[in-house]
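Open the model in your viewer and keep the selection panel at hand. The tour moves from one selection to the next and says what to look for at each.

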Amino acid sequence: MTYPDPNVFGHDPWWVILGKALAIFVFLLFTVLVAILVERKVLGRMQMRFGPNRVGPHGILQSLVDGVKLALKEGMIPSGADKPIYLLAPVIAVVPAFMAFAVIPMGPVVSVFGTHTPLQLTDLPVAVLYILAVTSVGVYGIVLAGWGSGSTYPLLGGLRSAAQVVSYEISMALSFAAVFLLGGTMSTSGIVAGQDRTWYVVLLLPSFLAYVTAMVGETNRAPFDLPEAEGELVGGFHTEYSSLKFAMFMLAEYVNMITVSALATTMFLGGWHVPWPGTVWSGANVGWWPLLWFVVKLWLFMFAFIWLRATLPRLRYDQFMAIGWKLLIPVSLVWIMAVAVLKSVDLTGNVPMTLSAGALLGAVFLMVRARRSTTASAVKPVADSIAFDPFAGGFPVPPLPGEWVCFDPTDHGGAAAPIDDGEPVRNRVVLTRGRGRDV
C-alpha cells in the first residue's frame, strides 16, 4: 500500500482539488439522505412497524421528498427576532460541519486520470486540533439561533447546548491525547499509518469508550439530546425556525454525526485499513478498495446512533453533566497518565489489550470509591422538620435536592395540619431534609 506523504498535500492540480472538494460535499449530502431514510426504517423495525414505505419503491424517496417539502414551505421570521442573527445562525451551524471533513483520510494514494493523489482533501500537522476547533464553532450557530429567535424556550435550548458542547469537547480532546502520545503525531493520515498492524481501539480501549460517549453528547443525539428536549423546551433552539432554515439545522446535525463517526474510524478503527480477516488479501488496502472499508466502518457508528435513539430514554440534565465532569474527564486524565508512563518506559506500541482493560477497570474502581466516599461525607444528620407550603406563590414548588415531602404523622392521624396565617386555608405538608426512610 502507499501511504500519503505529508509533503504531497497542497500540490495537486486545481481540478483535482476542486473535484475532491465537490466529491466530499456530494458524499456528505447523499449520506445524509440515506441516513435519514435508514434511521426511520430501522426505528420502525425496532418499534414493530414498517417506517416509510409509500414514496418510491419501499419508501426510498422519502428523504428527498421531505427535503423538497421543506424547501417549498413558507419561511417565517418571528416579530421579536433579531433578524440578522436569526438568519445567520443556520449558516454558522452547517458550514463548520462540512469544513471538518476536509482532513479525514478516506483512502491511500490512487490514480485519478493519471494523476496520483491521496483520497483526502488535505492534511495538517495538527489536523485533529483543526477538527476540534471547527466543530466547536458550530455551537455558536445553536446559541445564536436561541438568542436571535426572541423566545424563551429556544434560548434555554441554546444555553443547554453551549454547556453541553463545552463539557464534552473536553472529554473528546482528552480521549485524543492518548492517541497523540502513542502515535507521535496529530496528522490524521499519520495516525492511520500508525495503525497498520494494530488498531488503537485495542491499545487504547478507555480512550475509545470515552470518545464514543463524548461524540453522542457532542452531536446532541439521544439519549443526550437535551438542547431539543420536546417535553421541556417544545423543540429546543430551532423552535422558531421553518422551511430551509430548519432544514439547515437538520443537515448540520446529520453531517456532524457523519464527521464524528469518520473521526472515530480514523482515530481508533484503523481508518481505511481492511478489518480482519480481509488482511489475508494482499490487495485489500490498495487502490479504491479502502474507500469501501472506510464507509463500512463509518456506517457501523451511524447504526449505533440509531440504536441508541431507539433504546435509551433521555437523561436528566444533571445526570448528563455528571457523566461528563465526574466520570469521563477524571477517567481520561488517569488513562493519559498511564499511557505517558508506558511511553516513558519504552512500551510504546506494545501495550497488550489486557493491560488496557486492567487500567480501565482500575480507573473505574477508583472513581466509584471516590464517589462513594464523597457521598458518605456529604450525608448530614436529619434536620428538624420545617413547615413548608408547596403552593406558595400560586404554583407548586418542587423540593430541593436532598429533601422529601412527607406528612407529619403526629398531626391528624397522618394527615397534614392546616395552618391559618390569614391566607386561604390550604393543605400544608411538612418538608423534611433527610434520606428517605431515615426521616
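Contact here means heavy atoms within 4.5 Å. This is a predicted model: local features need pLDDT of at least 70, side-chain atom pairs count only at pLDDT 80 or more, and totals for chains, interfaces and linings use all residues. Residues are numbered from 1 along each chain as its sequence is written, and side-chain values use heavy atoms, with hydrogens and water left out.

**Stop 1: Thr117**

Select Thr117. It sits in strand β2, residues 115-118. Strands are DSSP runs of E, at least two residues; helices are runs of H or I, at least four; both are numbered from the N terminus. Thr117 counts as buried, because its relative accessibility is 1%. Buried means under 20% relative accessible area, exposed over 50%, and partly exposed in between, with a 1.4 Å probe and protein chains only.

Now show its surroundings. Beyond neighbours within four places in sequence, Thr117 is in contact with Asp12, Val16, Lys20, Pro108, Val109, Val110 and Val112. Which side chain does the Thr117 side chain meet in a polar contact of 3.0 Å? It is that of Asp12. A second polar contact, 2.9 Å, joins the side chains of Thr117 and Lys20. A polar contact is a pair of N or O atoms within 3.5 Å; within protein, one must be able to donate a hydrogen and the other to accept it, and residues adjacent in sequence count only if both atoms are side-chain atoms.

**Stop 2: Ser63**

Move to helix α2, residues 62-72, and pick Ser63. Ser63 is buried at 7% relative accessible area. Its side chain reaches the backbone nitrogen of Leu37 at 3.3 Å. Leaving out residues up to four places away in sequence, Ser63 touches Leu33, Ile36 and Leu37.

**Stop 3: α1 against α10**

Select α1 (14-46) and α10 (243-268). They pack at about 95 degrees, axes 10 Å apart. Axes are lines fitted to C-alpha atoms, for helices over the stretch in contact, and angles run from 0 to 180 degrees between N-to-C directions. So α1 is roughly perpendicular to α10; angles of 65 to 115 degrees count as that, under 35 as roughly parallel, over 145 as roughly antiparallel, and the rest as oblique.

Show side chains. In α1, Leu28, Leu29, Thr31, Val32, Ala35, Ile36 and Glu39 meet Leu251, Tyr254, Val255 and Ile258 of α10.

**Stop 4: α11**

Finish on α11. Its buried residues include Trp293, Phe301 and Phe305. Among the elements covering them are α1, α8 (205-218) and α10.
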